[in-house]
Amino acid sequence: MTNPAHPGSEPPVTAAVPDIATLGRRLDEVDYLADPGLATALFLSLRLPQPLLLEGEAGVGKTEAAKALAEALGTELIRLQCYEGIDAAEALYEWNYPRQLLRIRASEATGAEIAEEQLFAEEFLVPRPLLRAIRHPGPLPAVLLIDELDRADDDFEAFLFELLAESSVTIPELGTIRATHPPAVVLTSNRTRDLHDALKRRCLYHWIDYPSPEREVEIVRRRVPGTAVDLATGAAAAVRRLRDSDVQKPPGIAETIDWVAALEVLGVERLDAEAAERTLGSVLKYREDQEQIAEQGLDWLVGAETRGD
């Protein structure tokens, strides 16, 4: 497939990421370690192109994957954070009502008539993330991150179908706007509710799991430069024990990074029970979870391997 604007040339995305290995290397260069499955999913999403739905436990790197993709491509990241009650006006566009009112008053003052279509012209349009992504000038597409879609309601999910299927949006006053450079869309979900099958049919899908112990240590040392191997290994091992326990909010990779960063600030070189007790709030964010783990004894949490027994 060639770029219509430059006959005989490769599309910019193809030139930027000719293969999975190149994309993986570029992600690595921005300190995001993607396993082969995720790198393949991101590559196919770019090249097909097709939206990519990422699911997984909170804190495993879904949002960071989209951020890293934009950084690796050298393109703009446009983020839409979803929440209960979000609607089209907040996601797509809204009209600048104060400016419209000023125009009406100015017309009344001069006695000039103003037509309705003049009030709903481009100059009064305030673009929100979805419209900004559709209108991105290129040449590389923007990365559109629709974050935590499971927090939004079913109506908003259905509202996205046109964008996901056709890279276009419809504004009643202006008509349908189609993307010249369709955005690379990444949707994330923590599975607080099931997303509709109709949305999933429009997307590629990838589940991001917790990384292997070795990979988690590598991620931590990338994000907290200068961290000793022993400290990163001990913290990662302790976090794995927390995930295997029955805490109500198992910590993700983000919490492991926060914990190691806190330990580094305190000058801790090797995780022990005392250091864990002082910094437990960096990795467990519910009081009940902290109390439960403390009752079991923090020697259990840090483990013999981290105490050097």
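## Residues with positive phi

In this predicted model, S167 counts as buried, at 17% relative accessibility. S167 sits in the loop that runs between α10 and β6. Its phi is near 50 degrees, a positive value in a residue other than glycine.

E148 also has a positive phi, of about 55 degrees, although it is not a glycine. The loop that holds E148 lies between β5 and α9 (154-159). With a relative accessibility of 19%, E148 counts as buried, because the cut-off for that class is under 20%.

## Cis peptide bonds

L48 and P49 are joined by a cis peptide bond with omega of about -20 degrees. P49 belongs to the loop between α3 (36-47) and β1 (52-55).

Another cis peptide bond joins G138 and P139, and here omega is about 5 degrees. P139 is in the loop between α8 and β5.

## Nonpolar cores

The largest nonpolar core has 35 residues, of which L130, I146, L149, F156 and L187 touch the most other members. Helices α8 (129-134), α10 (161-166) and α11 (197-201) each supply at least two residues of this core, as do strands β2 (77-81), β3 (93-95), β5 (143-147), β6 (168-171) and β8 (184-189). The largest share, 4 residues, comes from α8.

Leaving aside neighbours within four places in sequence, I146 is in contact with L80, C82, L130, L160, L163, V185, V186, L187 and T188. Another core, of 30 residues, lies apart from the largest one and has A235, A236, I257 and L301 among its members.

## Packing of α2 against α4

Helix α2 (residues 20-29) and helix α4 (residues 62-73) have axes that come within 9 Å and cross at roughly 105 degrees. The two helices are therefore roughly perpendicular to each other, since angles of 65 to 115 degrees fall in that class.

On the α2 side the contact is made by L23, R26 and L27, and on the α4 side by A68, L69 and A72. By class, the contact has 5 nonpolar residues, 1 charged residue and no polar ones.

R222 is part of helix α12 (residues 213-223). Its relative accessible area is 24%, and R222 is thus partly exposed.

Beyond its neighbours within four places in sequence, R222 is in contact with D28, D31 and L33. With D31 there is a polar contact between the two side chains, at 3.1 Å. R222 and L33 are 189 residues apart along the chain, and their C-alpha atoms are separated by 9.3 Å.

Methods. Residues numbered from 1 in each chain as written. Predicted model: local features only at pLDDT ≥ 70, side-chain atom pairs only at ≥ 80, totals over all residues. Heavy atoms only, no water. Axes fitted to C-alpha atoms, helices over the stretch in contact; angles between N-to-C directions. Parallel < 35°, antiparallel > 145°, perpendicular 65-115°, else oblique. Contact = heavy atoms within 4.5 Å. Nonpolar A, V, L, I, M, F, W, Y, C, P; charged D, E, K, R; others polar. Buried < 20%, exposed > 50% of the residue type's maximum accessible area, 1.4 Å probe, protein only. Polar contact = N/O pair within 3.5 Å; in protein donor to acceptor, adjacent residues only side chain to side chain. Core = buried A, V, L, I, M, F, W, Y, C linked by side-chain atoms within 4.5 Å.
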